[in-house]
Amino acid sequence: FVPQIKVQHYHRSDMRSFFNHQKQIGRITSQVLKVLPLPGSAIVRNRLLFIIFGLALPPVKFVRTLSVFLRANPSLVIRYPESFVLLKIGLIFWYWGFWKGVFMPPPRFSNVLLAE
């Protein structure tokens with residue numbers, strides 16, 4: 001926990017901002033995985049692994065997200081099945097950002113943030 005970190009949440013009110021946000025989340029996710037030893041970091045740190053297995057990430061992410069929705073509120077999945085089309089399209093943009101992040105240099109963070 002780092003109390004100095006500021007977090008803001010924005011409501012995405014149109015499709016373009018939603019897709020751009022998904023792309024940003026993908027890029028940031030791959031950049032964080034380059035620095036922190038989290039599950040999935042090996043595929044980001046080794047470009048060959050990413051080239052071989054990277055296309056499996058969107059389907060895996062889709063299944064995991066769907067399973068979270070089904071566990072949390074199965075009636076929403078039944079009531080709004082069209083939302084999963086949006087999720088699938090969003091994953092294309094997420095993957096685009098993730099791909100960009102894999103091939104970018106590792107981010108430079110303050111040692112203060114990484115010390116704990």
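In which loop does Gly-40 lie? Gly-40 is placed in the loop between α1 and α2 (41-45).

The model is predicted, local features need pLDDT of at least 70, side-chain atom pairs count only at pLDDT 80 or more, and totals for chains, interfaces and linings use all residues. Residues are numbered from 1 along each chain as its sequence is written, and side-chain values use heavy atoms, with hydrogens and water left out.

**View 1. Gly-40 in the loop between α1 and α2.** Gly-40 is partly exposed, at 39% relative accessibility (buried means under 20% relative accessible area, exposed over 50%, partly exposed in between; 1.4 Å probe, protein chains only). A distance of 9.0 Å separates the C-alpha atoms of Gly-40 and Ser-30, which are 10 residues apart along the chain.

**View 2. Gln-31 in helix α1 (residues 15-35).** Helices are DSSP runs (H or I, at least four residues), numbered from the N terminus. Gln-31 is buried, its relative accessible area being 8%. A polar atom of the Gln-31 side chain lies 2.7 Å from the backbone oxygen of Gly-101. Not counting residues up to four places away in sequence, Gln-31 touches Gly-101, Met-104, Pro-105, Pro-106 and Pro-107 (contact means heavy atoms within 4.5 Å).

**View 3. Packing of helix α4 (residues 57-72) and helix α6 (residues 83-102).** The axes of α4 and α6 are 10 Å apart, at an angle of about 135°; axes are lines fitted to C-alpha atoms, for helices over the stretch in contact, and angles run from 0 to 180 degrees between N-to-C directions. Residues of α4, among them Phe-62, Leu-66 and Phe-69, meet residues of α6 that include Leu-91, Trp-94 and Phe-98.

Conventions
Helix = DSSP H or I, 4+ residues; strand = E, 2+ residues; numbered from the N terminus. Polar contact = N/O pair within 3.5 Å; in protein donor to acceptor, adjacent residues only side chain to side chain.
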